[in-house]
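Dear colleague,

Please find the structure below, together with its sequence. A short account of what was found follows it.

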Amino acid sequence: MPRTAQRTSSRSATRSARTLACAALVLPALLVAGCSSDSGEEPASSEQGESTPSAAPVKFKELPDACKTLSKDTVKKLTPKTDNASGKRIGAGNTQDSGSCLWSGLDKFDYRQLTVSLKRFDSDASRGSGDKLAGAFLQQQVDGLKTDKANKDLKTEPVKGIGEQATAVSYEVDKKDGKKSEAFREERLVVRQANVVVSVDYSGAGFEDAKLPKADDLGKNAEKAAKEAVASLK
């Protein structure tokens with residue numbers, strides 16, 4: 001291929017990656033916003049002198065910075081050629097209740113995007129413990145992918161050895177960049193550790209007819225990221 005054509009193809013791939021990366025921000029942002037109404041406050045007593053049921057104590061009172069849940073070595077391995085190993089925060093950055101961070105990288109025509117999202121739940125005397133509410137939220141994250149008809153070849157399976165409860169979802173989806181559509185292979189790993197849910201979304205694409213990453217490779221890398229993120233909980 002002439003050098004001029006190579007440079008043009010490279011610039012096209014970079015522009016596509018940037019556009020798709022911006023578009024993909026919607027999912028993690030919605031992920032973090034989910035169940036934002038859970039304040040964990042106990043209901044006021046309806047009558048004077050009536051005792052208010054106490055809520056069960058929770059293990060985690062706050063969350064770490066989502067952008068500091070992974071080492072830079074891990075980020076560079078999962079998002080090769082990234083130009084921001086520190087990540088990009090999504091949302092308001094309220095580490096007490098939720099947080100999310102995104103990384104992306106383009107190595108020639110191989111694009112990778114990684115998002116780590118954290119969601120913490122307080123116990124509620126009327127709705128249940130923080131652990132129970134976190135478990136319900138985990139299932140919502142899995143079911144949301146199942147009900148989206150745009151997701152193809154979707155497979156789910158439980159994952160052992162990470163947190164107290166974990167489910168992996170793998171699928172393929174087409175994302176539009178203007179009039180052009182690019183195929184992405186996606187992996188979501190959702191983990192519950194006590195009253196906190198850690199969600200890892202890891203995706204890859206091959207621009208200019210490059211091959212999609214293998215599902216097994218995405219799954220192994222998502223597990224690596226999830227284990228580090230869960231270990232960051234204190």
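Leaving aside its neighbours within four places in sequence, which residues is valine 116 in contact with? Contact here means heavy atoms within 4.5 Å. The residues in contact with valine 116 are Ala66, Thr69, Leu70, Gly99, Ser100, Cys101, Trp103, Val198, Ser199, Val200 and Ala229.

This is a predicted model, in which local features need pLDDT of at least 70 and side-chain atom pairs count only at pLDDT 80 or more, while totals for chains, interfaces and linings use all residues. Residues are numbered from 1 along each chain as its sequence is written, and side-chain values use heavy atoms, with hydrogens and water left out.

Val116 is among the residues with the most contacts inside the largest nonpolar core, which has 31 residues. A nonpolar core is a set of buried Ala, Val, Leu, Ile, Met, Phe, Trp, Tyr and Cys residues joined through side-chain atoms within 4.5 Å; buried means under 20% relative accessible area (1.4 Å probe, protein chains only).

There are three aromatic pairs, where rings of Phe, Tyr and Trp (its six-membered ring) pair if their centres lie within 6.5 Å; planes under 30 degrees apart count as stacked, over 60 as edge-to-face and the rest as tilted. The rings of tyrosine 111 and phenylalanine 184 have centres 6.1 Å apart and planes at 80°, so this pair is edge-to-face. Both of these residues, tyrosine 111 and phenylalanine 184, are buried. Ring pairs also join Tyr111, Phe184 and Phe207 into a cluster.

The rings of phenylalanine 121 and phenylalanine 137 lie with centres 5.4 Å apart and planes at 55°, so this pair is tilted. Phenylalanine 121 and phenylalanine 137 are both buried.

Key: Buried < 20%, exposed > 50% of the residue type's maximum accessible area, 1.4 Å probe, protein only.
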